Every structure is written in C-alpha cells, then in structure tokens.
Amino acid sequence: MGKICWKLFSSMLVLSGLTFGGGFVIIPLMQRRFADELGWMTREEILDMTAFARSSPGAVTVNVAVQVGARMAGAPGALCGVLGTILPPLAILSAVSLCYEAFSASPAAAALLYGLRLAVAVVAGDATAAMAAEILRGGDRLRPAVMGASFLLSLAGTAGTVWLLAGSALLGWLLAGRDAV
C-alpha cells in the first residue's frame, strides 16, 4: 500500500504542479497516468469519477484524486491524493500572494496571464472534445441527444448546473434500468 500511496502522491504532485486551467484540463492527464500507464482503472471509470466529482462540492481535481486514492489504498490513498493535488497550488498561491502588489501592476505579468488564459481555453476545449468523443463511442443514440440538450440548456442559461446534472443522472439511471431488463 505504501508504494501505491507514494505513486499516487507523486503523480498528483507532478500533474497538479505542471497543469494550468483547472480540473477539466488535468482529467485527460489523470486518465493517461492512472488508466493507460499504471493500469489502475479504465478511462471510462475516471470519466465516471469526474461526473461524480463535478456534482460534489469542491474542486473537481481534488474530488477525483480522493476517489482514485480511496479505490487504490483506502483512506490513506485518499489523503495522499488530496495532498499531492493541493500542495502545488498552495505553494504557488502563497508565493504569488507574497509579491502580489508588484505582480499585479506589472505589464509583463498581465501579458503572461493573458497568454495563459488563451492556452487554458485551448487545452480546456481539447479536454472537453476528448471527453465527449469518449462518451459518444458507446453508439447509443440517446447520448448525443442528452449531451446536446444539456449543452444548449447550459448555453441558454435556462438551467443551472445542479439541475442539468440531476436530470442527466436520472435519465442515465432510467436508461440503465431499461438496458438491464
């Protein structure tokens, strides 16, 4: 269990420390590390964990790290996943806060942050496209309809995230029951 905890902690430390843009940017990297490289679980299981993490309070990445850690090594694994995930941003934010005045007034820093926002938008779009492609591989005709309807409702601002998640979860549950019969 110690080796698994260390591998989880060190993997999340590197992923979290070198990834900008939030949870949906790091999820494909977690899939590559934990599914493809380590073989701990499948990519689809990580997507399921991501869906659950998105509907739970807190940061998506931390929630997924808790689930991966708990699955691989119980409570110690969950703790290692959380620590590996939160230490890099904590260190970076602490360092930035110490020199915030000089940093916030710098035109070079403003240009750097603008460039990072552009890169994050591209990476987030790529991650979204990869997750959508993986979900749609199942061949079920209802998946594209649910995704499209959720996207349009989200874009229109007519339904909140909680309602979209609850409705999609209910629909998935109903469809799973139909397929099991």
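Guide: W6 and F9 are three residues apart in helix α1, so about one helical turn separates them. Helices here are DSSP runs of H or I with at least four residues, numbered from the N terminus. The model is predicted, so local features need pLDDT of at least 70 and side-chain atom pairs count only at pLDDT 80 or more, while totals for chains, interfaces and linings use all residues. Residues are numbered from 1 along each chain as its sequence is written, and side-chain values use heavy atoms, with hydrogens and water left out.

A pair of aromatic rings is described by the distance of the centres and the angle of the planes. Rings of Phe, Tyr and Trp (its six-membered ring) pair if their centres lie within 6.5 Å; planes under 30 degrees apart are stacked, over 60 edge-to-face, and the rest tilted. By this rule there are two aromatic pairs. The W6 and F9 rings have centres 5.8 Å apart and planes at 35°, so this pair is tilted.

Burial is judged by relative accessible area, with a 1.4 Å probe and protein chains only: under 20% is buried, over 50% exposed, and in between partly exposed. W6 counts as exposed because its relative accessibility is 57%, whereas F9, at 16%, is buried. In the pair of F34 and W40, the ring centres are 5.4 Å apart and the planes are at 10°, so the pair is stacked. Both F34 and W40 are buried.

Helix α1 covers residues 2-18 and also holds S16. S16 counts as buried because its relative accessibility is 11%.

Technical notes:
Helix = DSSP H or I, 4+ residues; strand = E, 2+ residues; numbered from the N terminus.
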